[in-house]
Amino acid sequence: MLRSGASPNAFTFPFAIKSCAALSLPITGKQLHCHVFKTGLANNVLELYKEMESKGFCPDPVTLVGVLSSCAHLGALSVGKEVERKMEGFGFSSNPFLNNALINMYARCGNLKKARDIFDGMPVKSVVSWTAIIGGYGMHGQGEVAVELFDEMIRGGIKPDGTAFVSVLSACSHAGLTNKGLDYFGVMERKYRLWPGAEHYSCMVDLLGRAGRLNEARELIESMQVRADGALWGALLGACKIHRNVELAELAFERVIELEPTNTGYYVLLSNVYTEARNLEGILRVRMLMRERKLKKDPGCSYVEFKGRVHLFFAGDRNHPQTNEIYKKLNELENLVKDLDGCKKNDHERREEYLNSMGVHSEKLAVAFALLNTRKETEIIIIKNLRICGDCHLFIKLVSKIVDRQFVVRDATRFHHFKNGFCSCKEYW
Ligand SMILES: [Zn+2]
Ligand SMILES: [Zn+2]
């Protein structure tokens, strides 16, 4: 089924995992379990936990680590906090595995400060703890801190492993620290005898791509000893979008869909490359291809947690109880944004909006909702399932200036911290 390109869903996994149990195949079971997390269906390994609890079972640390990684994946901060309270209640507060999972959960749910507090409070820090906090700073675009921590870890006598290198390389790529990243990549093999895998190469492609060194990125992929995966060619495709390189984007797209034929994100990326290049023929070709293959764009959705409840919005959504107020607020904000001098949307952005639109994008609804309901000092954290589009990115930047609020948006690739008209990603995502 996987080879044919079909995606398993929430109903497929339980049957497959039960078969593993019946056949006594623990390793295959674990692999499937991991796959559940990767496909984002883990909010179900959360429902299971609630069911367990209601039946009076006491969770052990292993279960709680699983719950925390689900929370990290979903951005479910309030459940994560609940787990932290339970850890204290069960006397697991000093369990290092749980603390590592907590660091990761807080960082991925947008609360980097709390992640750092937990890290600082750990009496013994393993390479996993360091990797979790370095990764946290990396995904929030604070590459300089991540690099400092990585060097501090080495000075403290802890030997980095392959995963630690992934987190520092990705931190370098998110912050545009090209030379630093290239140095680490070299040191990895020379000094630590760690052979780079596909994830390390992905970071390097991202790093070189961000710096506009697209041909070097391509040469790196072609020269590597490991098999390229979808993420690698996807990173190159993303870089081609930023630097508007149509020719290389087409090549990266061809390769990436050989590996992941049903990943609609890549079709949308190529379509965006064509949009930037004003190549209407290309846009239509991508659409045809998607139609032939019976692929539909994943619906965009965003959510905000407010008073312990998750408020979920789809594109063009009108189901929220505050819908009328939300659209009124949004209209008000759109007008203010348009009035802001020198920041008029240019043509291609408008077209991108048109081509991507299934109504108002979900993150705009989440922004309007948050502004209606939260007080000025509250930091607003929005989780979005897809990459944020150029129009919404510009919109949130300007709104952060107009209303003088900070917004944190986690999209499919990274965190964006919007403040005073600027974003921490410096326009690269
Ligand atoms: Zn958008
Ligand atoms: Zn950004």
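1. The donor residues of the zinc ion (ligand 1) follow the spacing H-x27-C-x2-C along the sequence. They are His361 through ND1, Cys389 through SG and Cys392 through SG, at 1.9 to 2.3 Å. A donor here is an N, O or S atom within 2.8 Å of the metal (3.2 Å for Na, K and Ca), and water is not among the atoms, so sites may look incomplete. His361 sits in the loop between helix H19 (347-356) and helix H20 (362-373), while Cys392 belongs to helix H21 (residues 390-402), so this pair ties together parts that are 31 residues apart in sequence. His361 and Cys392 are both buried; that word means under 20% relative accessible area, with exposed over 50% and partly exposed in between (1.4 Å probe, protein chains only).

2. A word on what you are looking at: this is a predicted model, where local features need pLDDT of at least 70 and side-chain atom pairs count only at pLDDT 80 or more, while totals for chains, interfaces and linings use all residues. Residues are numbered from 1 along each chain as its sequence is written, chains are lettered from A and ligands numbered from 1 in the order in which they are written, and side-chain values use heavy atoms, with hydrogens and water left out. Helices (H or I, at least four residues) and strands (E, at least two) are DSSP runs, numbered from the N terminus.

3. Helix H20 holds Ala366, which is buried with a relative accessible area of 0%. Beyond its neighbours within four places in sequence, Ala366 is in contact (heavy atoms within 4.5 Å) with Ser302, Val304, Phe313 and Ile382. Leu398 is placed in helix H21 and counts as buried at 6% relative accessibility.

4. Now the second largest pocket, which has about 490 Å³ of space. Of its 20 lining residues, Leu77, Glu305, Phe306, Thr378 and Glu379 are the closest to its centre. On a 1 Å grid over the protein atoms alone, a pocket is an open set of points where a 1.4 Å probe fits, with protein on both sides within 12 Å along at least five of seven lines, and lining residues have an atom within 4 Å of a point. The volume is the space filled by probe spheres set on the points, which are joined across faces, edges and corners.

5. Which elements each supply at least two residues of that lining? They are helix H5 (77-89), strand S1 (301-306) and strand S3 (380-384), and S1 gives the largest share, four residues. By type, the lining divides into eight nonpolar, six polar and six charged residues. Ala, Val, Leu, Ile, Met, Phe, Trp, Tyr, Cys and Pro count as nonpolar, Asp, Glu, Lys and Arg as charged, and the others, Gly among them, as polar.

6. The chain is divided into domain 1 (125-195), domain 2 (207-297) and domain 3 (301-423), with bounds from an automatic or database domain assignment. The C-alpha centres of domain 1 and domain 3 are 32 Å apart. Four residues from domain 1 and four residues from domain 3 take part in their contact.

7. Leu220 lies in helix H13 (residues 214-223) and is buried, with a relative accessible area of 18%. Not counting residues up to four places away in sequence, Leu220 touches Phe185, Tyr201, Met204 and Leu208. Ile283, in helix H17 (residues 280-292), counts as buried at 2% relative accessibility.
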